[in-house]
Amino acid sequence: MYSLKKKIVFVTGASSGIGAACAHQFAQHGADLLLAARRMDRLEDYAQKLRNKYQVKVHTVKLDVRKFSEVEAALNELPQEWKNISVLLNNAGLARGMEPLQQGRVDDWEEMIDTNIKGLLYVSRGVIPGMIDRGEGHIINIGSAAGHWVYPKGNVYCATKHAVAALTEGLRMDLLGTPLRVSTIDPGLVETEFSIVRFHGDVQRADATYAGMTPLNADDIADAVLYCATRSPHVNIQEIILMPTAQASISLVHRKQG
Ligand code: NDP
Ligand code: 8X3
């Protein structure tokens, strides 16, 4: 097994959901955490809880992954002791809206493309050269079942997650011959703030996404991430697709009535 003790793990989108659950489990394994998101109050509160509970070091970074100059500055300005990142978890991401493409909102498209594709690229471009120099690193992307299949009205979100799948595969090819590993974890329905964000704060519509079925929770995804991150260095788990038992395919969900 690969020990994460005292390794630096960089989690984007650590203020909520899957990113926060992964940060928790990485801390349980003794990793030091570099946590990034835009909502600093939440991030700092959470960081303090992890420091107290697990006696690990946690450094927080205010970061909007959509802004290349911000990503570049945040990485350049990291204190020296935080620069040697061993695991990068590209998790920051979102869906916005669920309309037929011909009625879609351009602002929503831009936000998804800028966050899910360009943000992942900016952070990866900033972190990977250092990993290559040090001869150690694991990039774990949070893709989606929506990166394998498309569902009605999922158009642009699905396209961004298909892009994540392509970038994961391409990166693995580009890093061939180095000791770096590249993995993607691709969940189906997970109950987090994802649907509230998607529906612009409409909680009723968000709740309907999970009505009558038991979705995955953020810790289920963290289990898969930690499994990948703790394999021996010669083992690369390329991809894990995980779905709720009640989800047979991207748009076939069994819901109990009443
Ligand atoms: P949440 O909304 O709970 O968390 C999203 C996280 O991303 C937050 O911490 C948010 O932090 C961060 N984030 C969003 N935009 C930016 C940005 N521009 N810059 C930096 N951070 C940002 O949703 P999930 O935990 O569910 O989502 C995490 C990932 O999992 C996403 O990539 C999503 O696509 C993927 N996923 C989710 C599934 C689901 O059903 N929930 C299924 C499959 C994949 P802040 O707002 O503080 O910046
Ligand atoms: C999120 C999963 O099916 O809601 O990536 O698009 S889904």
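This is a predicted model: local features need pLDDT of at least 70, side-chain atom pairs count only at pLDDT 80 or more; totals for chains, interfaces and linings use all residues.
**Helix pairs**

Two packed helices are described by the angle between their axes and the distance between the axes. Here is how that works out for the two pairs:

| Helix pair | Axis angle | Axis distance |
|---|---|---|
| α1 (residues 17-28) and α2 (residues 40-54) | about 20° | 10 Å |
| α3 (residues 68-76) and α4 (residues 106-134) | roughly 25° | within 9 Å |

Angles under 35 degrees count as roughly parallel, so α1 and α2 get that label. Their crossing is right-handed. On the α1 side, the contact uses A20, A21, A23, H24, A27 and Q28, while α2 brings Y46, L50, K53 and Y54. Sort the residues of this contact by class and you get seven nonpolar, two polar and one charged.

The α3 and α4 pair is therefore roughly parallel as well, and α3 crosses α4 in a right-handed way. Here F68, V71 and L75 of α3 touch Y122, V123, G126 and V127 of α4. That contact of α3 with α4 counts six nonpolar residues, one polar and no charged ones.

**The buried strand**

Now for β5, which covers residues 138-142. How many of its five residues are buried? Five of the five are, so β5 is largely enclosed by the rest of the structure. The side chains split by direction: H138, I140 and I142 point one way from β5, and I139 and N141 point the other way. Strand β4 (residues 85-90) runs parallel to β5, and four bridges join the two. Within this pairing, L89 sits opposite I140 of β5, and I140 is one of the buried residues.

Terms used:
Residues are numbered from 1 along each chain as its sequence is written. Chains are lettered from A and ligands numbered from 1 in the order in which they are written. Side-chain values use heavy atoms; hydrogens and water are left out. Axes are lines fitted to C-alpha atoms, for helices over the stretch in contact, and angles run from 0 to 180 degrees between N-to-C directions. Angles under 35 degrees count as roughly parallel, over 145 as roughly antiparallel, 65 to 115 as roughly perpendicular and the rest as oblique. A crossing is left-handed if the near helix is turned anticlockwise from the far one by less than a right angle, and right-handed if clockwise. Contact means heavy atoms within 4.5 Å. Ala, Val, Leu, Ile, Met, Phe, Trp, Tyr, Cys and Pro count as nonpolar, Asp, Glu, Lys and Arg as charged, and the others, Gly among them, as polar. Buried means under 20% relative accessible area, exposed over 50%, partly exposed in between (1.4 Å probe, protein chains only). Two strands pair if DSSP finds at least two bridges between them.
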